[in-house]
Amino acid sequence: MGQAVCICSRGIITIDNKRYLFIQNLDEGGFSYVDLVESVQDGKFYALKRIICHDKEDRKNALTEVEMHRMFNHPNVLPLEAYSIIDKSPKCETWLLLPYIKNGSLWTELEKLRNANNFMAEEQILSIFLGLCKGLKAIHDKGYAHRDLKPTNVLLDDYQQPVLMDLGSMTKARIEVKGSREAMTIQDWAAQRCTISYRAPELFTVESHCIIDERTDIWSLGCVLYAMMFLEGPYDGIFQKGDCVALAVQNPITIPENCR
């Protein structure tokens with residue numbers, strides 16, 4: 001783990017004895033920020049994800065995300081370049097230095113198509129879908145599941161190939177549930193970490209004695225495929241209207257009328 005120093009007056013940070021210049025903020029969520037930084041050494045751009053850790057549990061989760069990135073060396077899974085933990089008592093920040101993919105996410109591409117009243121070509125859909133399958137297979141072969149596959153967690157590189165990102169929700173693929181207390185714990189965790197409109201049915205109401213496995217990713221993969229075909233997921237509209245997604249996933253999906 002490298003040390004990091006922020007020299008705010010010049011917008012320079014140092015990770016693993018390499019200096020990076022802050023360019024701009026790219027995105028932010030509830031407890032994390034993503035900044036665009038440029039290497040002072042070679043001018044290469046990177047995405048710096050800064051995770052705010054309020055307690056030991058947050059820090060543990062952030063380090064788990066680090067370990068998940070370091071586990072994979074696959075073209076369809078986002079690699080980790082370096083990381084550091086910055087102590088800012090009583091909180092700390094975990095910094096993840098990641099490759100910068102300028103084209104943005106699959107969701108960004110779908111929004112562009114929707115705004116242009118256009119659609120994604122079938123050949124492109126199949127190409128992206130194949131890449132997603134390869135990335136998920138790499139994750140599943142290691143005995144893990146992504147648990148939060150959705151269009152915003154898929155980046156598209158210069159060749160329009162998908163790269164899976166945001167590995168913070170990854171867990172062991174197969175979880176044996178023993179009793180109602182464990183079931184409720186997993187259900188509560190899923191409610192916090194697995195996006196509702198791409199969440200598998202078995203994570204809405206977890207049975208007291210069951211096995212949760214990598215098939216949760218296959219459900220989400222199907223929802224992403226649907227989104228590429230129709231420019232939104234099968235349950236995105238239901239969620240946006242405030243209707244019950246947990247009930248909707250128990251029924252067959254609806255194919256839009258007059259679809260191509």
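Helices α1 and α4 each supply at least two residues of the lining of the second largest pocket, where helices (H or I, at least four residues) and strands (E, at least two) are DSSP runs numbered from the N terminus. The structure is a predicted model, in which local features need pLDDT of at least 70 and side-chain atom pairs count only at pLDDT 80 or more, while totals for chains, interfaces and linings use all residues. Residues are numbered from 1 along each chain as its sequence is written, and side-chain values use heavy atoms, with hydrogens and water left out.

The second largest pocket has a volume of about 280 Å³, and of the 13 residues that line it, E57, N61, G168, W189 and R193 are the closest to its centre. A pocket here is an open set of points, on a 1 Å grid over the protein atoms alone, where a 1.4 Å probe fits and which has protein on both sides within 12 Å along at least five of seven lines; lining residues have an atom within 4 Å of a point. Helix α1 gives the most to this lining, with five residues. By class, the lining of the second largest pocket has four nonpolar, six polar and three charged residues, with Ala, Val, Leu, Ile, Met, Phe, Trp, Tyr, Cys and Pro counted as nonpolar, Asp, Glu, Lys and Arg as charged, and the others, Gly among them, as polar.

The largest pocket holds about 1,300 Å³ of space, and of its 41 lining residues, D27, S32, K49, M165 and D166 are the closest to its centre. At least two lining residues come from each of β3 (18–28), β4 (32–39), β5 (45–53), α1 (56–71), β7 (91–99) and α4 (180–193). Helix α1 again gives the most, with five residues, and the lining of the largest pocket comprises 17 nonpolar, 14 polar and 10 charged residues.

K49, one of the residues closest to the centre of the largest pocket, also has a charged partner: its side chain meets that of E65 in a salt bridge (2.7 Å, N to O), the term being used for a side-chain nitrogen of Lys or Arg within 4 Å of a carboxyl oxygen of Asp or Glu. Because K49 lies in strand β5 and E65 in helix α1, the pair ties together parts that are 16 residues apart in sequence. K49 is buried, with a relative accessible area of 12%, and E65 is buried as well, at 6% relative accessibility; buried means under 20% relative accessible area, exposed over 50%, and partly exposed in between (1.4 Å probe, protein chains only).

A further salt bridge joins R50 to E93, with the closest N and O atoms 3.8 Å apart, and it links strand β5, which holds R50, with strand β7, which holds E93, 43 residues away. Both R50 and E93 are buried, and salt bridges that share partners join D35, R50 and E93 into one network. Elsewhere, the side chains of K150 and D148 meet in a salt bridge (3.8 Å, N to O), and both of these residues are buried. In total, the count comes to 11 salt bridges.

Technical notes: Grid points are joined across faces, edges and corners, and a volume is the space filled by probe spheres set on the points.
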